[in-house]
Amino acid sequence: MEKLMFFFFLALPIIFAEAHHVRGEGFTKLFVFGDSYVDTGNSGRQATSWKKPYGITFPGKPAGRYSDGRVFTDYIASWMGIRSPIPYRWRKMGKKVEGHGMNFAYGGTGVFDTLIKAPNMTTQINLFQQVLEYKLYTKRDLNSSIALVSLAGNDYFAYLAGNGTIKDLPAFTTSLIKQLSLNLKHIHAMGVRKVAVMGIQPLGCLPQVSALTSYPNCSVTANSIANFHNQMLEKSLQKLNKDNKDSVFVKLDIYSAFMAAMKKQEHHSGTLKFNDPLRQCCRGANSAYSCGDVNKNGAKKYETCKNPNSAFFWDGVHPSEAGWNAVYSALKSSLHKLH
């Protein structure tokens, strides 16, 4: 099975429907650090990303992505004109797997430890350091590379699940941004040319949040947490760039991209329309189950919508492939900042 997965990653298409647009020419390597928004296969086989119906749109079966198809990593790699980098856990499955970089992201992880036992950001960077010690990548490779970072959303869920209070949230955010900044500096110091840092998504619009609090509207409180984090992140990246005297660190405004993508765009012909963007495509049969769950007899305890392309969210947290495509489209005009 592992050999089949290795060939699957080598066979990932590098040209999407929008490949005729301006791409990230000059970059040949992509190194990814983060969570389920960018994980393409590192999470263990017990993870939902390896269960049906995940992967139903692409590649047609579960393949380790937390969606029905492609995730944000795939779109950034496509913009660069390369294949999606192979996940770290598949690195020993053949030669020349280092060709397009490597993905160190694990679903459910954060800057700090979270509710999931998997490598946090510091550990992911340490794994990258170990890979570099094997001389898989030259200084020239690193100088033509981009690091994609998607972290912090799970840190807030872990904080609140651990009885963290809204009152103490600013202090938590400050410590979170401080550690994130140290980690970003470390990535750049290892030779990576550009670091693309994703802000966090509108947490209050995630179906698992809005369904309990505010549906059919987003939770204002949860979104205010995301906005505060993103403002602090912006200031931190500005300081890092000032210290470097170069625009090394680029913030990707995922929050605004989500909001723009979820809005009905009926006045733009040819754009995706999500009529009920806060309603997920795949959900548990009842509140005791989630997408991908089965009972002890193996009978599925979830249901999916007829057309995943019509849904912005695939499950309670993750966009569908169509959702990620819309987010990428909303961000595409700002990607020139990575040059």
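**Ground rules**

I am working with a predicted model, where local features need pLDDT of at least 70, side-chain atom pairs count only at pLDDT 80 or more, and totals for chains, interfaces and linings use all residues. Residues are numbered from 1 along each chain as its sequence is written, and side-chain values use heavy atoms, with hydrogens and water left out.

**Entry 1: the count**

I began by asking how many disulfides there are. A disulfide here is a pair of cysteine sulfur atoms within 2.5 Å. By this rule I get three disulfides.

**Entry 2: C205 and C218**

I looked up C205 and found it joined to C218, with an S to S distance of 2.1 Å. The link of C205 and C218 is right-handed, with 105° about the S-S bond. Where in the chain do C205 and C218 sit? I use helices (H or I, at least four residues) and strands (E, at least two), which are DSSP runs numbered from the N terminus. C205 lies in the loop between β5 (194–198) and α7 (207–213), while C218 lies in the loop between α7 and α8 (220–244). The two are 13 residues apart, and the pair links distant parts of the chain.

Next I checked accessibility. My cut-offs are buried for under 20% relative accessible area, exposed for over 50%, and partly exposed in between (1.4 Å probe, protein chains only). C205 is buried because its relative accessible area is 0%. C218 is at 22% relative accessibility, so it counts as partly exposed.

**Entry 3: C281 and C305**

I then turned to C281, which forms a disulfide with C305, their sulfur atoms 2.0 Å apart. Is the link of C281 and C305 left-handed or right-handed? With -95° about the S-S bond, it is left-handed. This pair, too, links distant parts of the chain, 24 residues apart. I placed C281 in the loop between α9 (254–262) and β7 (282–284), and C305 in the loop between β8 (302–304) and α10 (321–331). C281 has a relative accessible area of 1%, so it is buried. C305 counts as partly exposed because its relative accessibility is 25%.

**Entry 4: C282 and C291**

My last pair is C282 and C291, a disulfide with S to S 2.0 Å. Their link is right-handed, with 95° about the S-S bond. Are these two cysteines buried or exposed? C282 is buried at 0% relative accessible area, and C291 is buried at 4%.

**Entry 5: the pairing**

Finally, I numbered the bonded cysteines of the protein in sequence order and read off the pairing as 1-2, 3-6, 4-5.
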